[in-house]
Amino acid sequence: MCLGVPAQIIEVVDNELHTLQVSLNGIKREVNGSCVWTENPQALVGRWALIHVGFAMSLLSDNEAQQTLAALAEMGASEHEMEDFAGLNQAAKIKEMDS
């Protein structure tokens, strides 16, 4: 099962493609920010977004992000979701398919 995970927006990468760079526990990843895009995308930097399958789905408050991260850790889902966020599970799935 894939869950969305909160990550902090750290950079606007491409205005035309609506690409953002986000970070979670030091892991950085580029995501599509079309669902949260604003007239002033620089205002997104520092905000938290719910990331799911490479898309920033919605913006979260700092409090919502911290509560969600705590809930994921409590459920024991955080390690699996961090691997998904980092792309490690996808790489393993591709490797399995190639074998």
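Predicted model: local features only at pLDDT ≥ 70, side-chain atom pairs only at ≥ 80, totals over all residues.
Colleague: Where is the place of Asn 25?
Modeller: Asn 25 sits in the loop between S2 and strand S3 (27-32). Helices (H or I, at least four residues) and strands (E, at least two) are DSSP runs, numbered from the N terminus. Residues are numbered from 1 along each chain as its sequence is written, and side-chain values use heavy atoms, with hydrogens and water left out.
Colleague: OK. Is Asn 25 buried or exposed?
Modeller: Exposed, at 66% relative accessibility. The cut-offs are under 20% relative accessible area for buried, over 50% for exposed, and partly exposed in between (1.4 Å probe, protein chains only).
Colleague: And what is phi of Asn 25?
Modeller: Near 50°, which is a positive value in a residue other than glycine. As background, most residues other than glycine have a negative phi. Val 53 also has a positive phi, near 45°.
Colleague: Where does Val 53 lie?
Modeller: Val 53 is in the loop between S4 and S5, and with 58% relative accessibility it counts as exposed. S4 and S5 form a hairpin with two residues between the strands.
Colleague: How many bridges join S4 to S5?
Modeller: Five, and the two strands run antiparallel. Two strands pair if DSSP finds at least two bridges between them. Within that pairing, Trp 48 stands opposite Leu 60 in S5.
Colleague: What about S1 and S4, how many bridges there?
Modeller: Four, again with an antiparallel run. Pro 6, for instance, has Leu 50 in S4 as its bridge partner.
Colleague: Zooming out, what does the secondary structure of the chain come to?
Modeller: Three helices and five strands. Along the sequence the pattern reads β-β-β-β-β-α-α-α.
Colleague: Switching to packing. Which residues touch the most other members of the largest nonpolar core?
Modeller: That core has 18 residues, and the ones touching the most other members are Ile 9, Leu 20, Val 22, Val 31, Leu 44, Ile 51 and Ala 56. Strand S1 (5-14), S2, strand S4 (48-52), strand S5 (55-60) and helix H1 (62-75) each supply at least two of its residues. S1 gives the most, with four. By nonpolar core I mean a set of buried Ala, Val, Leu, Ile, Met, Phe, Trp, Tyr and Cys residues joined through side-chain atoms within 4.5 Å. In soluble globular proteins, nonpolar side chains tend to be buried together.
Colleague: Take Ile 9 then. What is Ile 9 in contact with?
Modeller: Leaving aside neighbours within four places in sequence, Ile 9 contacts Leu 20, Gln 21, Val 22, Leu 44, Val 45, Gly 46, Arg 47, Ala 49 and Leu 59. Contact means heavy atoms within 4.5 Å. Ile 9 lies in strand S1 and counts as buried because its relative accessibility is 1%.
Colleague: What about Gln 21, buried or exposed?
Modeller: Gln 21 counts as buried, at 18% relative accessibility. Like Ile 9's list, its own includes a partner across the pair: Gln 21 touches Ile 9, among others including Gln 8, Glu 11 and Arg 29.
Colleague: Last topic, confidence. What is the mean pLDDT of the chain?
Modeller: 83, and 75% of the residues reach 70 or more. Over residues 91-99 the pLDDT is below 50, and beyond near neighbours in sequence that stretch has zero contacts in the model. pLDDT is the predictor's confidence in each residue, from 0 to 100.
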